[in-house]
Amino acid sequence: MRFLGYFRSSSAYRCRIAFNLKGLEYDFESVHLKHGQQKAAAYAAVNPQQLVPALITDDGDELAQSLAIIEWLDETYPQPALLPQDAVLRAKVRAFAQVIACEIHPLQNLRVLQYLRNELSLDEDAVNAWLARWLGDGLQACEDILVKQGGNTAFCFGDQPSLADICLVPQIFSAQRFNVDIAGMRRINEVYEHCQSISAFSDAHPKNQPDFEV
Ligand SMILES: N[C@@H](CCC(=O)N[C@@H](CS)C(=O)NCC(=O)O)C(=O)O
C-alpha cells in the first residue's frame, strides 16, 4: 500500500493511527502542504480534491477521504475492529467521528485559513478568534457527547479504541497547535491522555513522522 500524507495533517494522522492499531505496513510518500504539493498534477491525478490523505491499494485503487480510507482498512483487515458490533453504538461512534471530520476540522483547514488571511485580510488575532470559536465549540460538543455517554470508559465509547478515538486524538493535537483552550474539557483530555500511553497512537503523532519539520 502507498499512503500519501503529511506529518501535520490531522486527516492523515487519523489514518496512521488506524494503520498502527491494525499493525499494517505501508509505503509513505510525503505531500508537502505548505509547499503546495497537494495541487501538483501528479497528486491531483490521484486525488482530484487536492487534499491529503490518499491511499493507493496493492491493487492500484486510489482512495481518498480519511474516514472512507479507515473504513476500507477496517473492512479489508477486520482485526482489531475499529467500529463496534452493536449497530446503535456503531452509529454513535460514526456520529462522533463526523462531528470532528465534517463539522470541526474543515474550519481549520489550511486552504480555509489561507483564505481568511490572504483574501479576507484577517489579522492573526482574528484568525485565532476564528479557530478558538470553531474548535472550542466543536470540542465542547465532543466533551458533552462523551459525558452524556457515561464518561467512565478507557476510550470514547468503551474499552477498545474505535474510529471515535482515531478522530479525537488528532483533533486535540490541532487544538494544542492552535492554542485553543480546552483545559476544562475533562473527559476528552482524559481519553487523549490514555491514548498517548498506547504506541499505536503515540507512534502516529506528527513529531514521529519521517517528514516532520519544526
Ligand atoms: N475530509 C477530508 C479532509 C482532507 C483535508 O482537508 N486535508 C487537509 C490536511 S488535514 C489538506 O490536505 N489541506 C490542504 C489544503 O487545504 O490545501 C479527510 O478526512 O480526508
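1. The protein divides into two domains, domain 1 (2–80) and domain 2 (87–201); these bounds come from an automatic or database domain assignment. The C-alpha centres of domain 1 and domain 2 are 20 Å apart.

2. On provenance: this is a predicted model, in which local features need pLDDT of at least 70, side-chain atom pairs count only at pLDDT 80 or more, and totals for chains, interfaces and linings use all residues. Residue numbers start from 1 along each chain as its sequence is written.

3. Between the domains, twelve residues of domain 1 are in contact with 16 residues of domain 2, a contact being two residues whose C-beta atoms, placed from the backbone, lie within 7 Å. Helix 1 and helix 3 are the elements that give two or more residues to the side of domain 1 that touches domain 2. Helix 1 gives the most to that side, with seven residues. By class, this side of domain 1 has eight nonpolar, three polar and one charged residues. Here Ala, Val, Leu, Ile, Met, Phe, Trp, Tyr, Cys and Pro count as nonpolar, Asp, Glu, Lys and Arg as charged, and the others, Gly among them, as polar.

4. The ligand has 15 residues around it, of which Ser9, Leu51, Ser66, Leu110 and Arg111 come nearest; a residue is near if its C-beta atom, placed from the backbone, lies within 6 Å of the molecule. Both domain 1 (2–80) and domain 2 (87–201) contribute at least three residues each to this shell. At least two shell residues come from each of helix 1 (10–22), helix 3 (66–76) and helix 5 (110–119). The class count for the shell is seven nonpolar, seven polar and one charged.

5. In secondary structure, the protein has nine helices and four strands, taken as DSSP runs numbered from the N terminus (helices H or I, at least four residues; strands E, at least two). The order along the sequence is β-α-β-α-β-β-α-α-α-α-α-α-α. The radius of gyration is 17 Å, close to the 17 Å that the globule rule gives for 214 residues, so the protein is as compact as a globular protein of that length. That radius is taken over C-alpha atoms, and the rule is 2.2 Å times the number of residues to the power 0.38.

6. Of the contacts with a separation of 6 or more, 69% are between residues 24 or more positions apart. Buried residues make up 35% of the 214 residues, buried meaning that 20 or more other C-beta atoms, placed from the backbone, lie within 10 Å of the residue's own.

Key. A residue is buried if 20 or more other C-beta atoms lie within 10 Å of its own, exposed if 12 or fewer, and partly exposed in between; C-beta atoms are placed from the backbone.
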